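Subject: Structure for you to look at

Hello,

Here is the structure I promised to pass on. Please open it alongside this email, and then read on for what turned up.

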Amino acid sequence: MAVLARELLAKESVQDTLDAISAAAVDLVEGCDAAGILAVRKGRAVTLSSFGDMVETSDRLQGELGEGPCYDLARRGSGERTYRIKDMSRPQPHWPAYAQAARELGIGSMTGILLYTDKEDFGALNLYARRPGTFTEDLETAGWMLASHAAVALASARTIDQLENAMETRHAIGEAMGILMERHRMSEDDAFDVLRRLSQHHNVKLRDVAQKFRSGHGRP
């Protein structure tokens with residue numbers, strides 16, 4: 001954990017830090033198959049980071065249904081900041097629709113830690129396992145350590161919208177670079193340099209240049 005803390009502090013962006021936290025949760029917590037950081041702003045669910053194939057679907061379902069363990073934890077108002085679902089196959093009366101969908105996703109157990117609450121906004125670090133009974137109180141200690149770093153990283157970001165836009169920008173640029181690399185057999189550095197020069201030459205944001213390549217209108 002000490003080594004991880006130093007590595008997280010060395011990350012160049014909030015997004016890099018959040019992605020490293022999600023990956024570390026799967027690596028450090030025994031039996032954890034997936035992990036992610038969910039933010040909800042005025043009822044809209046945003047996956048800030050994910051590691052594992054079930055995370056984004058789970059987040060989306062909680063947002064669409066307006067129910068789930070993260071929502072329940074944020075609404076309790078009791079000061080409690082963690083939840084633990086030992087066996088998802090058992091009835092979950094507080095959010096039956098989400099529980100059914102989670103079982104279909106193959107989620108056997110979950111645990112999570114609330115990161116912050118601010119009026120209608122909240123966030124949580126969520127850990128998933130396909131096997132029931134995975135998460136114990138001892139394993140939650142590692143989750144708390146990771147959640148602490150996530151909370152600090154989120155506090156340094158001014159808004160969730162900025163993080164979401166940054167994620168979309170990075171994804172667009174990555175896809176555009178992939179197109180250039182495949183089409184013209186470029187290296188990663190050369191592909192990025194082409195996008196950067198086009199952005200400067202036409203005085204257009206790098207993200208907008210990348211979007212044109214993604215939509216098929218780019219002119220490399």
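Helices here are DSSP runs of H or I with at least four residues, and strands are runs of E with at least two, both numbered from the N terminus. On that basis the chain has nine helices and five strands. Please keep in mind that this is a predicted model.

Let me begin with the overall layout. The chain has 220 residues, and 43% of them count as buried. Among contacts with a separation of 6 or more, 57% are between residues 24 or more positions apart.

Next, the aromatic rings. A pair of aromatic rings is described by the distance of the centres and the angle of the planes. Two aromatic pairs are present in the structure. One of them joins Tyr 71 and Phe 122, with 5.3 Å from centre to centre and 85 degrees between the planes, an edge-to-face arrangement. This pair links distant parts of the chain, since Tyr 71 belongs to helix α4 (residues 69–75) and Phe 122 to strand β5 (residues 121–129), 51 residues apart. Tyr 71 is buried, at 4% relative accessible area, and Phe 122 is buried too, at 8%. The other pair is Trp 95 with Tyr 98: the ring centres are 6.0 Å apart and the planes stand at 70 degrees, so this pair is edge-to-face as well. Trp 95 has a relative accessible area of 6% and is buried; Tyr 98 is buried at 0%.

Helix α3 (residues 55–65) and helix α5 (residues 96–105) have axes that come within 10 Å and cross at roughly 160 degrees. Angles over 145 degrees count as roughly antiparallel, and α3 and α5 are therefore roughly antiparallel to each other. Their crossing is right-handed. On the α3 side, Thr 57, Ser 58, Leu 61, Gln 62 and Leu 65 meet Ala 97, Tyr 98, Ala 101 and Leu 105 of α5.

Which residues of helix α9 (residues 206–214) are buried? They are Val 209, Ala 210 and Phe 213. These three cover an arc of only 100 degrees around the axis, so they lie on the same side of α9.

Two single residues are also worth a click. Gly 112 is in strand β4 (residues 109–118). With a relative accessibility of 2%, Gly 112 counts as buried, because buried means under 20%. Leaving out residues up to four places away in sequence, Gly 112 touches Arg 81, Thr 82, Tyr 83, Leu 125 and Asn 126. The C-alpha atom of Gly 112 is separated by 9.3 Å from that of Ala 35, although the two residues are 77 residues apart along the chain.

The other is Thr 17, in helix α2 (residues 14–28). Thr 17 is buried, with 11% relative accessible area. Neighbours within four places in sequence aside, Thr 17 is in contact with Leu 8, Lys 11 and Ala 153.

That is everything from my side. Enjoy looking through it!

Best wishes

Key. Residues are numbered from 1 along each chain as its sequence is written. This is a predicted model: local features need pLDDT of at least 70, side-chain atom pairs count only at pLDDT 80 or more; totals for chains, interfaces and linings use all residues. Side-chain values use heavy atoms; hydrogens and water are left out. Buried means under 20% relative accessible area, exposed over 50%, partly exposed in between (1.4 Å probe, protein chains only). Contact means heavy atoms within 4.5 Å. Rings of Phe, Tyr and Trp (its six-membered ring) pair if their centres lie within 6.5 Å; planes under 30 degrees apart count as stacked, over 60 as edge-to-face and the rest as tilted. The arc is that of the directions from the helix axis to the C-beta atoms. Axes are lines fitted to C-alpha atoms, for helices over the stretch in contact, and angles run from 0 to 180 degrees between N-to-C directions. Angles under 35 degrees count as roughly parallel, over 145 as roughly antiparallel, 65 to 115 as roughly perpendicular and the rest as oblique. A crossing is left-handed if the near helix is turned anticlockwise from the far one by less than a right angle, and right-handed if clockwise.
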